[in-house]
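Thanks for coming. I have one structure for today, so please look at it on the screen while I talk.

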Amino acid sequence: MSQDYTSMWAELGLDLEAHDALLSVLGNAYTDIYLSQKDRPEGMGYFDFVMSEVHGLRIKELVDEKKAGRKIIGSYCVFVPEEIALAANATLVGLCSGADFAMEEVEKYLPRNTCALIKSSFGFKLGKVCPYLESADMVVGENTCDGKKKAYESLGPLVNNLYVMDLPQVKSDQGRALLRSEFDRFKTVAEELTGVSVTYDSLKQAIGQVNAKRKALHRLYKLRHADPAPISGLDALLASQVAFYDNPARFTESLNKICDELENRIADKVGAMPKKTPRLLLSGCPQAVPNWKLPWIVETSGAVIVGEESCVGERGYRNLVNDSGATMEDLMEAITDRYFKVDCAIFTPNPDRLSHIVEMASDYNADGVIHYGLQFCQPYIMESIPVENALEKKDIPCLRIETDYGMEDVEQIKTRVQAFIEQVK
Amino acid sequence: MRLGGIDIGSRSIELVVVDDGGQILDARQTDTGFDPICQAKGIMADAGFDKLMATGYGRGLFETAFDDTATVTEIKAHARGVVHYFPEARTILDIGGQDSKAIALTNTGRVKKFEMNDRCAAGTGKFLEIMARNLGFDLKDFGPQALAANTSHAINSMCTVFAESEVTSLIARGADRQAISRGLHDSVVKRAAGMINRVSRGGPIVFSGGVAKNPCIRKLVASRLDRQVLVPEDPQMIGALGAALILKDELPAMAE
């Protein structure tokens, strides 16, 4: 890190010793997993810098924004509309949930058989090691799966200003109406938090900003269709992960620069891995920083990940908001339209996800799909069987992996992944 | 050329040497013990091979310990080894010491799909070994004894630790140990059948791995699934044989 942030972390109320331990584990993991990769695009230097400052410079920026009167809203889910937060002059950041922390403490609040992602969000709070969470003026929970919605009941008393957004579970007219009314309610709450009213102009501008970020990600995803893959799955995943934390304008600019570089690489037939490396698509549960376990296993076993059908990937960033509406009402409707299309496994039925996976496997020229399920994540694990069936109907091999954030099953997963790579080769 | 395949399993290590026509020249076996590399060195000492391919859970360790060794997963190795004996095989059940797997093959003998139980000892050779000991049987007698039972005591726990307590309470109630043994075999087969059904629905099943030597498991798999069960000559050697044969298959490519 470029400077000493100890006093800032102390002011935020972090447990400095535990936080140092976390940063050291994170730093080592990043070195071992990311910096050891060969033939990375030069532009990844930006993300290396962002990761080295993920609890440093970026937090300082947030703290400075707060000092200037801006509010920070933390979120755990892609259903929380960044457009509305930005239009109300707030900054939206993703909250930490990708590593096990303070598990004994967590199990005082949550049953052992809760998914790793939910446990992690509690661990970062109880261990006092997430500066994003501690900077947040409001934390948005959302009623996605049963695990999350019940967990927010216990998280409420632990955090400052938890706001729970309800979400539909069925893609019906009533479901859409619920989403719209929840977005209206979120807009009011955001306005109350910041004291800034959302106007047609501010909302339109915010839509443009978030669309630009999504467009840059779409560009990245499309470039990964090429063979040889111009960027590793690990690096591309990092871009999707950092999109949750970074300043949106700077992120967009930096990612577009990488995309320019990738276009040149493709023209020169330069890849992160050689041509004909088996190409795999990952599908399933989101992978929050620093959950790089499965992609790391896959890419050190001789395959390359070419796409993520995940909330930290194409599912989370698919589709833009139509910003052509003439009134505030039009814009709110357009935002609702866009988010209502997210094919999260909490919806029933959820056929769009199956067709998207099959479509992605073909667009990305994937040789196979690995379905990634976090243990105890009922919605995605339930869908893993229909996903496998839908893929096999199209003769696309599928491997279902169920795991958590622990490292004790790495060897077993490696065997399965390697056998799957041998199978699709 | 002498091509070696070594399978470092959780319970035993096998080494098979074939010539470039795929003829088996040598086959050996030893216990894995607590120092697999030392054990492997012992078995390899005078085997005289020109190239070696390692498989099994210890293959990574092996790759680090010895230069110039290729590795392959036990899934592909078993598939290749089985095809050597049964070219028509489309379904494989492999139950080893530490894991069990069901593999479906394409009509060219490639792996089409596989299922694996690898997170605990449930339904593996280790499970049977522990249970045989609890019931006072030698492992080699365990299958025949279970087969001789008139009835079966259902064992509901898949987990080795819980099944152990279940067995203890059955013994305490004076239950017949042959019937308990049969129940334990039933529980292993129930699990294996579930895996097989997920990868293939018909045709003969080739059974490999150490547990294939157990006559009760063989019979129960056949009757439960109503499918023929074929067992290669020395089912424990299949992984090592497959690894050696994969080297043989790669030969023309290397000559180019």
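Buried here means 20 or more other C-beta atoms within 10 Å of the residue's own, with C-beta atoms placed from the backbone. Helices are DSSP runs of H or I of at least four residues and strands runs of E of at least two, numbered from the N terminus. Helix α12(A) covers residues 233-242, and ten of its ten residues are buried; among them are Leu234(A), Asp235(A) and Gln241(A).

This is a predicted model: local features need pLDDT of at least 70, side-chain atom pairs count only at pLDDT 80 or more, and totals for chains, interfaces and linings use all residues. Residues are numbered from 1 along each chain as its sequence is written, and chains are lettered from A and ligands numbered from 1 in the order in which they are written.

Now the contact between the chains. Chain B gives ten residues and chain A nine, where contact means C-beta atoms, placed from the backbone, within 7 Å. On the chain B side, α3 (74-85) and β8 (111-117) each give two or more residues, and β8(B) has the largest share, three residues.

Last, the domains of chain B. The assignment, automatic or from a database, gives domain 1 (1-86 + 236-256) and domain 2 (88-231). Their C-alpha centres lie 26 Å apart. Between them, 15 residues of domain 1 are in contact with 19 of domain 2, and α3(B) gives the most to the domain 1 side, with seven residues.

Note on methods: Two residues are in contact if their C-beta atoms, placed from the backbone, lie within 7 Å. A residue is buried if 20 or more other C-beta atoms lie within 10 Å of its own, exposed if 12 or fewer, and partly exposed in between; C-beta atoms are placed from the backbone.
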